[in-house]
Amino acid sequence: MAFPNLRVICPALGQHFGNVFYVNGSIADENVFFEAKRKNIVLVLKAHAPRRFKLPTEIWLFATSAEEREWRDIAVEETAVHNAPVKFVQTMSELREKGFKLVKEYKDVFGFSSQQIDELMEYLRYWTILRQCCGCQMSHDRMLDIAETKGNRRWAHTDPLYPACEIYNITNLELQFASSVLYKRHGHRNRQLRTVSDLDGNLDGTYCQAFLKHYVE
């Protein structure tokens with residue numbers, strides 16, 4: 001399925017899944033929302049500065065916050081700011097405590113079944129580690145380790161957010177990821193489900209090893 005008018009507005013709209021488009025928020029403009037609404041298309045957009053957009057009221061917003069407060073209180077305030085509902089706020093303290101298991105919080109938001117949550121957690125269990133330990137946007141600490149370079153590390157070894165890449169067999173993790181239910185069911189339909197970033201190749205059991213070899217060379 002293709003939507004040429006949307007691609008004219010935002011050339012990066014090449015990633016689609018049924019009637020769902022994944023948009024790079026750094027290059028999109030507000031017209032893309034209203035064109036999507038007119039065509040009954042669902043947009044998923046990541047943006048670091050959503051206030052620059054004029055948002056339609058039908059949009060759902062999901063946010064991250066460094067504030068150490070109840071996420072629902074933050075959501076109420078941000079909903080008023082954007083005049084659009086903030087459905088969930090991921091706080092750094094919750095992320096530090098729960099890691100990928102934080103996805104359970106999305107069950108009620110989207111009406112997921114327990115099986116769907118289990119499948120999503122299986123996928124994220126592997127993807128979270130691979131995201132930090134493999135690819136162009138891997139953890140700064142991982143980069144220092146690979147290059148065998150001393151430098152200022154972001155996380156202490158005692159911090160729950162320390163990626164600890166050195167304890168994993170990355171190739172085995174990549175193979176497990178490629179064997180996950182969601183990857184096998186939907187990976188062929190959307191490239192973003194097969195990679196850790198737009199800058200990287202498909203995670204098929206060979207990519208991370210090849211990337212690391214190229215990185216050290």
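**Exercise 1.** Is phenylalanine 62 buried, partly exposed or exposed, and what is its relative accessibility?

*Solution.* The model is predicted, so that local features need pLDDT of at least 70 and side-chain atom pairs count only at pLDDT 80 or more, whereas totals for chains, interfaces and linings use all residues. Residues are numbered from 1 along each chain as its sequence is written, and side-chain values use heavy atoms, with hydrogens and water left out. Begin with the cut-offs: buried means under 20% relative accessible area, exposed over 50%, and partly exposed in between (1.4 Å probe, protein chains only). Phenylalanine 62 has a relative accessibility of 35%, and therefore counts as partly exposed.

**Exercise 2.** Locate glutamate 119 and decide whether this residue is buried or exposed.

*Solution.* First, glutamate 119 is found in helix 6, which spans residues 114-133; helices (H or I, at least four residues) and strands (E, at least two) are DSSP runs, numbered from the N terminus. Next, the relative accessible area of glutamate 119 is 11%, and therefore the residue is buried. Finally, once neighbours within four places in sequence are left aside, glutamate 119 is in contact (heavy atoms within 4.5 Å) with Val181, Leu182 and Arg185.

**Exercise 3.** Identify the buried residues of helix 2 and describe what follows that helix.

*Solution.* Within helix 2, residues 31-38, the buried residues are Val32, Phe33, Glu35 and Ala36. An α-helix has 3.6 residues a turn, so residues three or four places apart point the same way. After helix 2 comes asparagine 40, whose phi is positive, near 60°.
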